[in-house]
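Please look over the sequence and the model shown below, and then follow the text from one region to the next.

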Amino acid sequence: MRARILKQDLNHDFAERMKALGTETAFEVLAAARRLEAQGRNIVHLEIGEPDFATPPHIIEAAVRALHEGYTHYTPAPGLPQAREAVAAYVAQTRGIPVTDEQVVLVPGSKNILLFALLALVDPGDEVIYPDPGYPIYESLARFVGAKLRPIRLREQNDFRFDRDEFRALVNERTRLVILNTPHNPCGSVLEQEDLETIAEALAPTRAYVLSDEIYSRIQYEGTAKSIAAVPGMQERTIILDGLSKAYAMTGWRLGYGVMNPALAAHMSRLMINSSSCAAAFTQMAAIAALTGPQDSVDAMVREFRARRDLIVRELNSIEGVSCRMPKGAFYALANVHHIDPNAKQLSTFLMEEGGLACLPGTAFGEGGRGYLRFSYANSQENIREGMRRMQAALKSYLVTA
Ligand SMILES: Cc1ncc(COP(=O)(O)O)c(C=O)c1O
């Protein structure tokens, strides 16, 4: 009897802070889809944001070689010197800014850079500005560290970029961190030079840092991605977040990195010592191969993403009641379904359970996503066509009951 009570208490007695932590709906929808598949259902997966391509062979070979050569031990917390050097050279070249090794911290997945930036910079009550709709981990972790949440709405009529006056009005002396994401998940929008300059100007009199999430920087369909770190005066207060997951189809390898001023990098290194110790040694060697080796597989992948983007946007716009803007980057299409279901949560559940199509409700990305569905087109053209066919068929019997 006593043992049972104890077990029950243990099961319900968690730290208060856990109540603040959110989640990433994509992983939950994927798990629900897998459960349906285990029951024999066939599901088209347009929910999860990971390239369906294989990691390029020369990167795999570099990792295997590294394992044989003994890269199977701890490395320095911020990464092997040669890996930090490769990242520094890559970021300097792609962003057009000077970067030295001591500005680089390698981590097991770029999400860690977000967590570490919040832990190192934000005290309870400090304000954090982040996009809404936006990657849900921004809000979840900002809330977790006790920040005052300051979402900024991205509206479709504004091409899912911020309204510059709204941004200026949100900035004040308590603003500590501004999170940017370009190209953007889930909207597919990109920040233009004038947006970056407005942000830089508004932040100049403050002590705010910028976390510039550039994980999709290689997947932009027109022009090259711009980093706020290259705007004069901004590099010192900018943390670039990037990694191998998306550009090199390496989500399972868990390797990301941050580039920031050396003082902040030293704090992030201590956070690494206190958490993972270091990123896996052989994945760091694979990162060197990825960043310094041939880039043709990235180009081929982006060409295929472009064809899929054109296909899914065309298909979505041909469905009655659905409209979708042409995304400029990343591999997501955010479709407006207000006319079918002003909330869209119920609709996304219906599409999976009745239609066999997994996608995400826009509200998984914040209030600003109400009335939208997000489709990841990191899937074959054949599956995208099938998914759209299923959506069209399922909508015939859909009734909003909420
Ligand atoms: C906007 C954005 N940032 C960061 C990440 C995290 O990527 P990873 O931890 O695999 O480097 C993701 C993954 O989906 C993302 O969409």
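Strand E9 is joined to strand E10 (residues 332-336) by two bridges, and the two strands run antiparallel; helices (H or I, at least four residues) and strands (E, at least two) are DSSP runs, numbered from the N terminus, and two strands count as paired if DSSP finds at least two bridges between them. Within this pairing, Ser-323 has Asn-336 of E10 as its bridge partner. The pair belongs to an open sheet of four strands in the order E9-E10-E13-E12, with antiparallel pairing. Strand E9 (323-324) and strand E12 (360-361) stand at the edges, and because each has a single partner strand, one side of each is left without a neighbour in the sheet.

The model is predicted, and local features therefore need pLDDT of at least 70, while side-chain atom pairs count only at pLDDT 80 or more and totals for chains, interfaces and linings use all residues. Residues are numbered from 1 along each chain as its sequence is written, and side-chain values use heavy atoms, with hydrogens and water left out.

Parallel pairing is found around strand E3 (residues 127-132), which is joined by six bridges to strand E4 (residues 148-153) in the parallel sense. Pro-131 stands opposite Ile-152 in E4. E3 also pairs with strand E5 (residues 175-181), again in the parallel sense, over three bridges, and here the bridge partner of Glu-127 is Thr-175 in E5. Together with helix H6 (residues 136-144), E3 and E4 make a right-handed β-α-β unit; right-handed means that, with the strands pointing away from the viewer, the path from the first strand over the helix to the second runs clockwise.

How many of the six residues of E3 are buried? Six of its six residues are buried, where buried means under 20% relative accessible area, exposed over 50%, and partly exposed in between (1.4 Å probe, protein chains only). In a regular strand the side chains alternate between the two faces of the sheet. In E3 both faces are covered, with Glu-127, Ile-129 and Pro-131 buried on one side and Val-128, Tyr-130 and Asp-132 buried on the other.

Glu-127 is also linked with Arg-150, Glu-173 and Arg-174 in a network of salt bridges, a salt bridge being a side-chain nitrogen of Lys or Arg within 4 Å of a carboxyl oxygen of Asp or Glu. A search of the whole structure finds 25 salt bridges. One of these is formed by Glu-166 and Arg-155, whose closest N and O atoms are 2.8 Å apart. This pair links distant parts of the chain, with Glu-166 in helix H7 (residues 164-170) and Arg-155 in the loop between E4 and H7, eleven residues apart. Glu-166 counts as partly exposed because its relative accessible area is 30%, and Arg-155 counts as partly exposed because its relative accessibility is 31%.

A further salt bridge joins Arg-164 to Asp-195, with the closest N and O atoms 3.5 Å apart. Here too distant parts of the chain are linked, since Arg-164 is in helix H7 and Asp-195 in helix H8 (residues 193-203), 31 residues apart. Arg-164 is partly exposed, with a relative accessible area of 31%, whereas Asp-195, at 3% relative accessibility, counts as buried. Other buried residues of H8 include Leu-196, Thr-198, Ile-199 and Ala-200. The cover over the buried residues of H8 includes H7, E5 and strand E6 (209-213).

Two further buried residues sit in other helices. Arg-308 has its place in helix H11 (residues 296-317) and counts as buried because its relative accessibility is 4%. Leaving out residues up to four places away in sequence, Arg-308 touches residues including Asp-52, Phe-53, Tyr-377 and Ile-384, where contact means heavy atoms within 4.5 Å. Ala-287, in helix H10 (residues 281-292), counts as buried at 2% relative accessibility, and apart from its neighbours within four places in sequence, Ala-287 is in contact with Leu-244 and Leu-255.

At the surface, the side chains of Glu-16 and Lys-19 meet in a salt bridge (3.0 Å, N to O), and both Glu-16 and Lys-19 are exposed. Phe-14 lies in the loop between helix H1 (2-12) and helix H2 (25-38) and counts as exposed because its relative accessibility is 59%.
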